Amino acid sequence: MPAVVQNLPLFLDGLRTTLQLAVGALVLALAVGTLVALLRVSPLGVLRVAGTAYVEFLRNTPLLVQMFFWVFGLPFVGVVLPEFGGALLGLAFYTSAFVAEAMRAGILSIQHGQIEAARAMGLSYVQTMRLVVLPQAIAITVPPLGNLAIALTKNTSVASAVLVPELMYQAEVVNARTFATYETFFVTAALYLALTIPLSRLVARLEHRLTRFRSA
Amino acid sequence: MAEQGCDGIICFRDVHKWFGRLHVLRGVELTIDYGEKVVIAGPSGSGKSTLLRCINRLEPIQQGELIVDGQRVDESHADINRLRSKIGMVFQHFNLFPHLTVLENITLAPRYVLKMPRAEAEEKARGLLDRVHIPEKASAYPAQLSGGQQQRVAIARALAMDPKIMLFDEPTSALDPEMIKEVLDVMRALAQARGMTMVVVTHEMGFAREVADRMVFMADGVIVEQAPTDEFFSSPQEERTKQFMSRILHH
């Protein structure tokens, strides 16, 4: 344990970077995923095809490959991203494909009568989506989005492979220095839990809050 | 409007509609006058709800002409959102927005379609809630209301746009028997308003008899018979109408 305690600043540094990576990628993934979900349910065929292509491409290739592409691949076409930025984009776009699918399912679960009532009053398609469909769809989608947020948090560890000094990267550094492998990775796991357990609790509370209106 | 060849507020001219291969409206001819109260009756599957839903283009028609308030609804360039804002619709299953309070349900369209200031829209909504006899439910969510209350909110929501035309699609069919009256009472009061055109699809023949200026009877996608209400009930002409009436009145 002394090996771990000595290197605590490294762990905490890594934890902070992990948190930044997770929060940044989550915000971006939710925004992009919602837009892609709207493409997927669009009345226009071209938009639906574009949305489907996006989802299939990003969902069906490994995260590690995508991250290598952003960080090590793009420089070959003249775009050099810092490791942190590349990893964040990789995580965000990868996760956005799953967000889009969850959100699409949520949108499709809204009863058609809701859309008819909104359109019958003269609301436009976009207003109907924004004011009537999406608020209900998001509330329904909170549990699967919570799962995705947890998966995303854990997936930040992949960024260690592209040299982002997040928690997993720092754990490897400590391990190489001290050979206290057992303690190092035990503590690392505990630190990931310290992020993900509160996240699960938060999701449960959010779910409760957002679905309040459904029951009397 | 005269140049469209429609001297009423709603004109169906040889209107046809198909659902896939199913021919659900087979040449409907119907003119509804300004301010007229029309009840459409008929067996289920006769196309009466479809007919109603064509009026605000929830269902597009495939053949014929449909003119509503001087506009050709069947033409794709019609400003359908503008037209719809003048047509209120009440659905069988209420279709209130469950994530919004009663007040928010009623003010949504005035605020976002008519761009009415929030305070004004809310004041108007409260007035409408008085009119449908549930002023105390302004901040409730739809799930906290009974079916009859939900339908009355839905009526208030439709009225919030000051519609020229109100469409009712079997408004009491999903209600428990003890709640039907409270909804029909609100509709009766509404029918007193001179200017408003009402088109009601319903099986409530007592209500129809009291409120309708004219009865329209449909079967198999065509209008079998239409007549002033008294005439329709006292001396129906067509065999199918008589059959239907005897079934619905003596069950």
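Chain A contains nine helices and zero strands, where helices (H or I, at least four residues) and strands (E, at least two) are DSSP runs numbered from the N terminus. From the N terminus on, its elements therefore read α-α-α-α-α-α-α-α-α. The C-alpha trace of chain A spans about 70 × 50 × 20 Å along its principal axes. The structure is a predicted model, in which local features need pLDDT of at least 70 and side-chain atom pairs count only at pLDDT 80 or more, whereas totals for chains, interfaces and linings use all residues. Residues are numbered from 1 along each chain as its sequence is written, chains are lettered from A and ligands numbered from 1 in the order in which they are written, and side-chain values use heavy atoms, with hydrogens and water left out.

Chain B holds an open sheet of four strands in the order β2-β1-β4-β5, with antiparallel pairing; two strands pair if DSSP finds at least two bridges between them. β2 and β5 (71-72) of chain B stand at the edges with a single partner strand each, so one side of each has no neighbour in the sheet. Strand β1 (residues 10-19) of chain B and strand β2 (residues 22-32) of chain B run antiparallel and are joined by eight bridges. Within this pair, Lys17(B) stands opposite Leu25(B). The two strands β1(B) and β2(B) form a hairpin with two residues between them, and Gly20(B) in the turn has a positive phi of about 60°.

On the β4 side, β1(B) and β4(B) pair in the antiparallel sense over five bridges, and Phe12(B) has Leu66(B) in β4(B) as its bridge partner. Strand β4 (residues 63-68) of chain B is in turn paired with β5(B), also antiparallel, over two bridges. The bridge partner of Ile67(B) in β5(B) is Arg72(B), and that of Val68(B) is Gln71(B). The hairpin of β4(B) and β5(B) has two residues between the strands, and Asp69(B) takes a positive phi near 50° there. Helix α1 (residues 48-55) of chain B lies across β1, β2 and β4 of chain B and runs at about 120° to β1(B). Contact here means heavy atoms within 4.5 Å; axes are lines fitted to C-alpha atoms, for helices over the stretch in contact, and angles run from 0 to 180 degrees between N-to-C directions.

Another open sheet of chain B has six strands in the order β6-β7-β8-β3-β9-β10, with mixed pairing. Its edges are β6 and β10 (222-228) of chain B, each with a single partner strand, so one side of each is left without a neighbour in the sheet. The twist averages 15° from one strand to the next. Strand β7 (residues 165-169) of chain B runs parallel to strand β8 (residues 197-201) of chain B, and five bridges join them. Met166(B) has Met198(B) in β8(B) as its bridge partner. Helix α5(B) packs on this sheet, touching β6 and β7 of chain B, and its direction makes about 170° with that of β6(B). Helix α6 (residues 177-191) of chain B also packs on the sheet, touching β3 (37-41), β7 and β8 of chain B, with its direction at about 150° to that of β8(B).

One disulfide is found over all chains, a disulfide being a pair of cysteine sulfur atoms within 2.5 Å. Cys6(B) and Cys11(B) form this link, with their sulfur atoms 2.1 Å apart. The link is right-handed, with 85° about the S-S bond.

Grid points are joined across faces, edges and corners, and a volume is the space filled by probe spheres set on the points. The count comes to one cavity of 30 Å³ or more, and the largest cavity has a volume of about 90 Å³. Its lining includes Ala117(A), Met121(A), Arg84(B), Phe91(B) and Arg157(B). At least two lining residues each come from α6 (112-120) of chain A and from β6 (87-90) and α5 (147-159) of chain B.

Technical notes: On a 1 Å grid over the protein atoms alone, a cavity is a set of points where a 1.4 Å probe fits but cannot get out, and a pocket is an open set with protein on both sides within 12 Å along at least five of seven lines; lining residues have an atom within 4 Å of a point.
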